Amino acid sequence: MDWSQSLRLIAPEETLSIAGLVLLLIAAWGGDKASRLISILAVAVLVGAMALVAPALCGQAMGPDTSAFFGQFRADAFASYAKILIYLSAAATLVIAPAFFERLGAMRAEFPVLVVFAALGMGIMVSATDLLTLYIGLEMNSLAAYVLAAFLRTDGRSAEAGLKYFVLGALASGILLFGMSLTYGFTGTTSFSGINAAVAGGLSHGALFGVIFMLAGLSFKISAVPFHMWTPDVYEGAPAPVTMFFASAPKVAALGLTMRVLLDAFGDQAQAWQQIVVFLALASIVVGAIGAIGQKNIKRLMAYSSINNVGFMLVGLAAANQQGAAAMLFYLTIYVAMTLGGFVAILMLRDEDGNTVEDIASLAGLSRTRPGLALGLAIIMFSLAGIPPLFGFWGKFLVFQAAVDAGMMPLAAIGFAASVIGAFYYLKVVKVMYFDEPADVVKGESDVWHKAILAVSCLFISPLGYLLTKWLGGLAATAAMALFFAS
């Protein structure tokens, strides 16, 4: 093994590791007074990490030359695509978080450090080509996430969210570890390529159970039904910037890891796991749509929306081919933009005392008191519902097309029908903002960064986003190709 080559391939992870330690020292010496400086430096580091991973995507990196440390890590175009989305989401979180926490007097210097280490873990997750690397990345992300969920120490809801996330996350990690143990026991290796070779002749019953338990553990991380029970409570209880982070970056990492495990390690035995993924997709679409209908808190509504959208993305994975993987990545990009814009809009919903307004009824008549904010939120809701000509429609179209081309017409038909149900609760929010009498609750002024991120998100998911279809589709296809490229 060429150590210099391996160290070169993990340059983004090295950068985040060293920067995280340096920022930790600055936090120790400067205290909470240095929190804004640390946030700025952390954003700069994440942007630098994006610059380091971008050449692998643009240069269509794939194959043996992207493998590091005896095949335990792969810095290919697929990993690069996912890491760009992860680092972008983490940077957006750090841009909007200081203003939120400073209003509450709760900004701590360790917040940006935790986000950097979580991003490091997520980067390892999407590059993992070995069960051991997978688990290291997963736990590095999870340990930071547990603390972030309970970051508002004086808020009972935040403490409850952190505790629930920790307990259920530990359970999911145990299930995942059991699946990994079974897989290792019945294949004799932890390497994805070795597992793929070991099951080429067919899955034994033990290995099949290993796949099932691993899928159950990963389903918790992506909040797919029936492992979604933590999502509404954690999304509601965690601080809004943390909820925004959970709904974007970890979702990308967990979905990327799931794709890597199923398509890389078990790609030749797709018939063994396709039925499970089809069930997860349909259950998530239906439960996400129906569960959101009665929600009165907009953060809980966004939690069920997240579950619903994961279901749609899993439709692409169920196709088990390159077209489905590319469609899933394309949808994931649009989903990140919609999620960031949606939660920034929620952060801008503040009363005259600066408290975040989460009750949907309090948004009544927002179009007359804050027309710009209402328009931005309406665009995001229409796009999440998949209503043309907004860009959210194109993401759903691509995954349904992949399912139809793979001969899964019933899956596409049921998914399409359930998306009509989901449109109801998105339109309910728009109806409250535009047709109800003004409640005149949202009066707080918005930060310039909030406005900028909301504007960029809305422009991306507007019909103007279709101008990027060819370019973004090409990048997604390249990333998917790297996942299927024979090493």
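Modeller: Start with the word cavity: a cavity is a set of grid points where a 1.4 Å probe fits but cannot get out. The model here is predicted. Its second largest cavity has a volume of about 40 Å³.

Biologist: Which residues line the second largest cavity?

Modeller: The lining is made up of Y235, A247, M302, S305, S306, Y335, T339, F343 and L384. Helix 13 (298-318) and helix 14 are the elements that give two or more residues to this lining.

Biologist: How does the lining of the largest cavity divide into nonpolar, polar and charged residues?

Modeller: The division is eight nonpolar, two polar and two charged residues. Y235 is one of the residues lining the largest cavity, and Y235 is also listed for the second largest cavity.

Biologist: What about pockets? What is the volume of the largest pocket?

Modeller: A pocket is an open set of points, whereas the probe cannot get out of a cavity. The largest pocket has a volume of about 900 Å³. It is lined by 31 residues, and M50, L88, A92, L340 and V456 are the closest to its centre. Helix 3, helix 4, helix 14, helix 19 and helix 20 each give two or more residues to the lining. Helix 4 provides the largest share, nine residues. By class, the lining of the largest pocket has 27 nonpolar, three polar and one charged residues.

Biologist: Which residues lie nearest the centre of the second largest pocket?

Modeller: They are R8, L9, L52, A56 and A75, out of 16 lining residues. The space in the second largest pocket is about 250 Å³. Helix 1 (3-9), helix 2 (11-30), helix 3 and helix 4 each supply at least two residues of its lining, and helix 3 gives the most, with four residues. The classes here are ten nonpolar, two polar and four charged residues.

Biologist: Which residues of helix 20 are buried, and what covers them?

Modeller: The general idea comes first. An α-helix has 3.6 residues a turn, so residues three or four places apart point the same way. In helix 20, the buried residues are T469, L472, L475, A476, T478, A479, A480, A482 and L483. Their cover includes helix 3 (35-58), helix 4 (77-103), helix 11 (240-265), helix 14 (322-347), helix 17 (391-405) and helix 19 (448-461).

Biologist: What does the UniProt record list for residues 128-422?

Modeller: An unreviewed UniProt entry lists them as "domain: NADH:quinone oxidoreductase/Mrp antiporter transmembrane". In the model, residues 128-422 are 77% helix and 0% strand, with end C-alpha atoms 34 Å apart.

Definitions and conventions:
Residues are numbered from 1 along each chain as its sequence is written. This is a predicted model: local features need pLDDT of at least 70, side-chain atom pairs count only at pLDDT 80 or more; totals for chains, interfaces and linings use all residues. Side-chain values use heavy atoms; hydrogens and water are left out. Buried means under 20% relative accessible area, exposed over 50%, partly exposed in between (1.4 Å probe, protein chains only). Contact means heavy atoms within 4.5 Å. UniProt positions are given in the numbering used here, feature names are shortened, and annotations may be inferred rather than shown by experiment. On a 1 Å grid over the protein atoms alone, a cavity is a set of points where a 1.4 Å probe fits but cannot get out, and a pocket is an open set with protein on both sides within 12 Å along at least five of seven lines; lining residues have an atom within 4 Å of a point. Ala, Val, Leu, Ile, Met, Phe, Trp, Tyr, Cys and Pro count as nonpolar, Asp, Glu, Lys and Arg as charged, and the others, Gly among them, as polar. Grid points are joined across faces, edges and corners, and a volume is the space filled by probe spheres set on the points.
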